Every structure is written in C-alpha cells, then in structure tokens.
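Q: I have this model open and would like to talk through how its parts pack together. Could we go through it piece by piece?

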Amino acid sequence: MADTLLKAKAIIKEFGAPVPTRVLHGIDLSIECGEFCALIGNSGSGKSTLLNIIGALDRPSGGQVFIEGIDLAGLTDDELAFFRNQTMGFIFQFHFLLPQFTVLENVLIPHLIYRGKADKSARDRAMYLLEQVGLLHRRDYKANSISGGEQQRAAIARALMNQPRLILADEPTGNLDSKNSAHIFNLMRKINQENQTTFLIVTHDRNMAFSADRIIELKDGLIVRDECVCGQDPNQMLAVIEPLY
Amino acid sequence: MISSIRFELELALRFLTENRGQTTLILLGITIGVAVMVFLSALIDGLQADLIDKTVGSSPHIIVTRQAQEPLQLPEGSSHTGLFPLQLQRSGNRPIVEWQALTTAMRHDSQLSAVLPVLDGAAIIRRGSVSKSVALRGMALAEADPIYHISDSIIAGSPKMEPGSLLIGSELASELDLRPGDTVMLEIIGQDPISQLVGGIFDLGVQNLNKRWVIIDRTRAASLLGMQDRVTEIEMQVNDIFSASDLAQRWAERLPGYEVVSWQESNASLLSALKSQSNSSYTIQFFVLLAVTLGVSSVLAISAVQKSKQIGILKAIGIRTASVERVFMLQGGILGTVGSIGGTILGTAMAQIFIFMASSDQQFALLLKPATVAIIVALTLLSAILAAYLPARQVARTNPVEVIRNG
C-alpha cells in the first residue's frame with residue numbers, strides 16, 4: 001500500500017465579511033503517493049478553492065491539511081512559501097512565464113529563488129526537463145517568443161524543477177487546442193508514471209478526467225463522487241457523469 | 001538569504017531593462033535632479049567661500065584685548081552690513097602686560113594657525129602742511145605676514161622695517177604724495193614730532209587699511225609710545241574658520257578679564273545672510289529631491305501593477321514576501337545609484353562649463369566639496385529606496401490566488 005501524501009480533514013472555506021459565504025462545507029480527502037487524480041465540478045463548486053488550500057496558497061477557515069504528515073496550519077507564511085517551493089509544483093491555465101527570462105531560466109526559477117545561482121546539476125536537470133517536454137531547442141528563446149503550447153510545456157518543466165512530490169494543475173489545458181491539450185496531458189501522465197509524482201488536476205475536459213486514476217467531483221462545496229476509474233470503460237463512466245454537464 | 005538576494009538582484013535588473021523607455025526616462029529625471037543639486041551646491045559653496053575669504057581671509061579671526069566693558073564700536077561712516085574686518089572695530093585698549101606668556105600658550109594651541117601680538121597707538125603723519133590721523137600698528141613682520149601677507153603686499157619700496165623707517169598704505173601714500181625714501185613727520189600725542197623715512201608702501205586690498213595704517217616694528221612702537229614691553233591686543237587666525245567662535249569661547253574661559261571676539265560675532269549680519277542663502281538653496285534642493293522621489297515612486301508603482309501576474313506566480317512557486325519587497329527596493333536602489341552617478345558627472349560638467357565661461361571676469365570659483373556630493377548622492381539613494389518602499393509593500397502583498405483565478 002502506498003503512503004498517504006495528502007490528508008485533508010473537514011476543510012471549510014468562507015469568503016467575505018461581515019456576511020461570509022461558505023464555499024467549502026467540510027471536505028475530507030486523502031491522496032496516496034503516485035495517484036493521478038482529476039478534480040471536476042461545475043464552476044462555483046469550489047474546486048479551485050480546494051486546490052489552492054491543498055497547494056498551501058490559501059489557508060482554510062476551518063479544518064486541517066497535512067502533506068507528508070506536516071500540518072500546514074503550523075507553518076508561517078514564509079515557511080509555507082519554502083514548503084511550496086520544495087514540495088509542490090503548480091501548473092495553471094495561464095503559464096505565467098516571466099517574459100524577461102529565457103525558457104531555460106524560467107525552468108530554473110524555482111531553484112534560483114532560494115539558491116541564487118544554478119550549479120551544473122541544476123542546469124542539467126533543467127535541460128533534462130526541457131528535453132522531456134520537447135523544448136530543448138527553445139531553451140535560449142525569450143519566454144514570450146514561443147507558442148502557447150510551448151509556453152505551457154515550459155511551465156510544466158518549471159513545475160517539475162525542484163522534484164516536487166505533488167503537482168497541482170488548475171485547468172492546465174484550458175487555454176490550448178485539442179492537439180496541444182493531448183500533448184500536455186500525455187506529458188503529465190508520463191511524468192506521473194515514470195517518477196511516481198502525484199497529480200491533482202482541476203479540469204473541465206471529460207476525456208482528461210476519464211484518463212485519470214481517480215475522479216473526485218465537487219458540488220456546492222462538498223465531495224459528491226470520489227471513485228477509481230482505472231480499468232473501467234470510459235464510455236460507461238461517461239454515461240454516469242454526462243447528465244451533470 | 002545571500003543567495004536569494006542574488007536572484008532578487010537579477011530579477012530587479014531584468015524588470016528594469018524590460019521597461020527600457022520607462023527606466024530611461026526616470027534615470028534621466030534622477031540624473032537631472034542630482035545634477036541640479038550638485039551644481040547649485042557648488043555655486044552656493046563657491047560664492048560663500050569666496051565671500052568669507054574676502055571678508056576674513058586676510059584679517060584676524062579672533063582678537064584678544066583687555067577692554068573696559070564697552071560695546072564694540074564700528075568705525076565712523078561704516079554701514080551696518082557687517083562686511084568689515086575685525087581690526088577696524090576697536091576702540092581704546094588697555095595694555096596687556098603678560099602678553100608673552102599668553103602668546104606662548106596660544107602658539108601651543110594646534111587649532112590656531114597664526115598668533116600676532118600688536119601694539120596699537122594713535123598718531124598723526126605730517127608732510128609739509130598736510131597732516132593725516134593714522135593708526136600706528138607695532139608688529140613683527142614675521143608674525144604679521146601669516147595674517148596680513150604684508151611682505152607680499154608691498155607695491156613700492158621694501159618690507160624691511162629698519163630703525164627710523166615705517167610702512168604706509170597706498171591710499172595714505174597717494175594722499176600725501178609719498179614715495180619710498182621720502183621723509184615724513186610722525187607725531188604721537190604728548191610727544192615731540194620725530195622724522196621718519198618711508199621704507200615701503202603696501203596695498204592690503206582694503207581701502208580703510210591702506211588709508212589709516214602705519215606699520216612699524218613692535219619694539220620701536222613700544223619705545224615711541226612709551227609703553228615698554230607691552231601690547232594692546234593679540235590677533236589670531238584659526239585653521240577651520242568656522243571654529244573661530246568656539247575657540248574664542250574657550251579662550252575667553254581661560255582668560256578672565258580679557259575680551260575675546262571672533263569674526264563671527266562681528267560679522268553676524270554677513271553670517272545670517274549666508275545662512276539665508278544656504279537655506280534657500282537647501283529648500284530648492286529639497287523640492288528637487290522630492291520630485292525625484294515621487295518620480296521613482298510612481299514609475300515603480302506602475303511597474304508593480306504591470307508585474308503583478310509575474311509576482312503572483314513567483315509567490316506560488318515559493319518566493320517570500322520580503323524577497324519581492326527587496327526586488328522593488330533594489331530597483332529603487334539601482335535607479336538611485338545610476339542616476340546619482342550620472343547626475344554627479346553632469347553636475348560637475350555643468351560646474352566646469354560655468355567656470356570656463358565665467359573665467360573672463362573671475363568673480364568667484366565654484367566649490368565642489370566631496371562631502372557635499374557624498375551627502376547628495378546618499379540622500380538621493382536613500383530617497384529612491386524609500387520611494388520604492390510603498391510600491392514594494394503593495395506588490396509584495398499580491399495574493400497568488402487572485403492572480404491565478406483572474407488570469
């Protein structure tokens with residue numbers, strides 16, 4: 001049995017004052033090392049909010065998040081920043097590469113933030129990752145001079161730089177055409193399988209959801225479905241989920 | 001910490017070079033601002049140094065007398081602008097008997113550059129039917145030269161004061177039509193007139209001195225005035241001209257019963273005029289600095305808004321809030337440094353051009369004090385970094401969640 005990477009207990013999140021709106025109504029969730037999970041749900045269901053809390057970008061109003069046994073509530077903001085840097089990788093709908101830096105430098109940034117300088121092993125890793133995402137030939141291009149699909153692939157390489165245990169992706173292909181989407185998805189799947197990196201992906205893309213190991217569905221701030229899809233017939237699953245969308 | 005600053009510096013530089021137009025404009029602004037401050041300082045400092053040198057450069061900075069408690073009296077006909085050397089402002093003094101002990105002590109004071117015991121007396125110079133009232137000043141040439149530069153001011157004859165000869169001023173010489181080698185009659189009140197030779201004619205650059213002073217050797221003055229071995233005052237110059245009033249204060253405490261007056265006390269209105277001039281220059285410089293600060297602040301505030309998405313992602317990736325703050329403070333610091341260097345060069349160049357263009361009538365030289373430049377540079381740097389502080393705080397608080405949500 002694999003180790004538990006992430007454990008969320010009774011997560012509550014409220015926004016706004018003085019009359020708070022409750023977005024998450026007590027989420028319990030546990031993710032094992034190496035799992036490839038899709039987080040789905042209507043817009044407004046709270047899936048991005050949950051992803052941000054799990055990703056230590058936001059603090060819950062109630063409940064606890066443990067990652068590798070560490071209670072995130074016990075960390076200061078600076079400690080959380082370092083924790084994110086070391087433990088997690090983020091892939092967003094928008095790549096947010098820094099246009100002032102080259103593709104290679106962008107991939108190195110998670111390393112540079114705390115190290116200042118890239119030594120040979122860091123450069124080797126960045127080059128290896130660029131090769132993995134098929135961008136080695138673009139490494140010295142400025143980040144804003146490559147195509148959208150390439151930028152998203154560079155963002156994936158960046159997310160992998162510090163060898164994170166958990167990759168959080170918020171609609172990683174939301175901005176891409178189907179060909180590029182498939183490319184990105186396959187890339188993430190490959191990384192998952194080769195390195196046992198855990199993925200939690202927020203997506204609207206049904207095909208992507210059904211290609212995951214596990215689908216977690218959120219509705220009105222509660223988990224309404226959490227099942228393993230591996231080995232099941234996607235068409236059958238599609239029929240189950242379809243009415244919701 | 002050190003290593004993260006390396007990345008922060010890199011980021012600051014990339015941010016600045018990305019917005020080339022913006023960066024160039026604000027650098028130009030800082031450069032011009034600093035240049036104006038440097039030039040203005042050089043101008044005002046030069047003007048004031050020149051004015052002070054003209055006023056007290058060749059006159060005593062401190063005068064010690066034994067005086068009855070009377071207020072200082074300005075010479076007749078003088079205006080009240082205060083632009084008068086100290087030596088014109090004396091009235092009858094009581095003799096100082098222990099002057100040798102005093103001057104020995106004063107010569108041991110390393111802050112004093114010259115000590116000159118003087119025996120003063122009133123006399124009348126007569127040639128034919130024309131007579132002039134003069135101030136007879138008994139002093140040793142070697143002691144007087146450091147203050148009055150008499151030897152260098154001789155325009156005719158010789159500075160040597162041999163027995164039977166005296167030095168007179170150029171005004172007096174022309175009034176009495178005297179040349180070196182001529183004979184005059186010297187009358188001291190209550191004594192018989194004696195015949196004296198004009199040994200040399202001096203021009204001290206001050207009309208009143210050239211008209212009134214007759215200089216003879218101190219020991220001869222003592223015998224002529226019947227004063228034995230006494231002097232009436234001790235004149236001093238100091239190394240740091242602005243320390244004169246403090247030094248005078250100190251000597252006044254050491255010498256009860258003596259009156260010790262510094263040039264500052266007798267030139268109060270000149271000093272107050274210089275102070276007002278400095279203050280107006282500081283006011284201008286303050287507002288230039290303020291404009292520079294506001295410029296830096298607004299440019300960085302705009303940059304902060306433009307970069308908010310990148311900052312958001314950097315924070316998601318794990319950059320600390322304080323790091324982001326430093327990235328913007330560093331931008332302020334870089335702008336301040338480059339602008340100050342440019343401004344100092346431009347300001348100095350402006351000063352040099354000014355000197356070159358004004359050299360025809362040599363009114364005064366600009367004075368570029370390294371300390372002043374250092375203060376301007378330091379203040380500009382500090383202002384630029386402080387100017388960056390608000391945008392830095394604002395952008396450092398960017399919530400990555402907001403950025404990610406809104407794209």
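Q: Which residues of H2(B) meet H14(B)?
A: In this predicted model, Ile30(B), Val34(B), Met37(B), Val38(B), Ser41(B) and Asp45(B) are the residues of H2(B) in that contact, and on H14(B) they meet Thr372(B), Val373(B), Ile376(B), Thr380(B) and Ala384(B).

Q: And by class, what does that contact have?
A: The contact of H2(B) with H14(B) has seven nonpolar residues, three polar ones and one charged.

Q: At what angle do H2(B) and H14(B) pack?
A: The angle is about 150°, and the axes of H2(B) and H14(B), the latter covering residues 370–396 of chain B, are 10 Å apart. That angle makes the two helices, H2(B) and H14(B), roughly antiparallel, and their crossing is right-handed.

Q: What about H2(B) and H13(B), how do their axes cross?
A: Helix H2 of chain B, residues 20–56, and helix H13 of chain B, residues 321–358, have axes that come within 7 Å and cross at roughly 45°. H2(B) and H13(B) are therefore oblique to each other, and H2(B) passes H13(B) in a right-handed crossing.

Q: Stepping back, which domains is chain B divided into?
A: Domain 1 of chain B takes in 2–53 + 272–406, while domain 2 covers 60–266. Taken over C-alpha atoms, the centres of domain 1 and domain 2 of chain B are separated by 53 Å.

Q: Changing topic: how many residues does each chain give to the contact between A and B?
A: Chain A gives 27 residues and chain B gives 21 residues. On the side of chain A that touches chain B, the elements giving two or more residues are H1, helix H2 (77–87), strand S6 (88–92) and helix H3 (103–115) of chain A. By class, that side of chain A has 14 nonpolar, six polar and seven charged residues.

Q: S6(A) came up there. Which sheet order does S6 of chain A belong to?
A: S6(A) belongs to an open sheet of six strands with mixed pairing, in the order S6-S7-S8-S3-S9-S10 of chain A. S6 and S10 (222–228) of chain A stand at the edges, each with a single partner strand, so one side of each is left without a neighbour in the sheet. Neighbouring strands of this sheet are turned by 15° against each other on average, with direction ignored.

Q: In which sense do S6(A) and S7(A) pair?
A: They pair in the parallel sense over five bridges, S7 of chain A being residues 166–170. Within that strand, Ile167(A) is the bridge partner of Gly89(A).

Q: Where does H1(A) pack on that sheet?
A: H1(A) touches S3 (36–40), S7, S8 (198–202) and S9 (214–219) of chain A, and its direction makes about 150° with that of S8(A).

Q: And the four strands in the other sheet of chain A, what is their order?
A: Their order is S2-S1-S4-S5 in chain A, forming an open sheet with antiparallel pairing. Strands S2 (21–32) and S5 (70–71) of chain A are at the edges with a single partner strand each, so each has one side without a neighbour in the sheet.

Q: How many bridges join S1(A) to S4(A)?
A: Five bridges join S1 of chain A, residues 4–15, to S4 of chain A, residues 62–67, and the two strands run antiparallel. Ile12(A) stands opposite Gly62(A) in S4(A). Helix H1 of chain A, residues 47–54, packs on this sheet too, touching S1, S2 and S4 of chain A, with its direction at about 125° to that of S1(A).

Definitions and conventions. Residues numbered from 1 in each chain as written. Chains lettered and ligands numbered in written order. Predicted model: local features only at pLDDT ≥ 70, side-chain atom pairs only at ≥ 80, totals over all residues. Domains from an automatic or database assignment. Axes fitted to C-alpha atoms, helices over the stretch in contact; angles between N-to-C directions. Parallel < 35°, antiparallel > 145°, perpendicular 65-115°, else oblique. Left-handed = near helix turned anticlockwise from the far one by under 90°. Pairing = 2+ DSSP bridges. Contact = placed C-beta atoms within 7 Å. Nonpolar A, V, L, I, M, F, W, Y, C, P; charged D, E, K, R; others polar.
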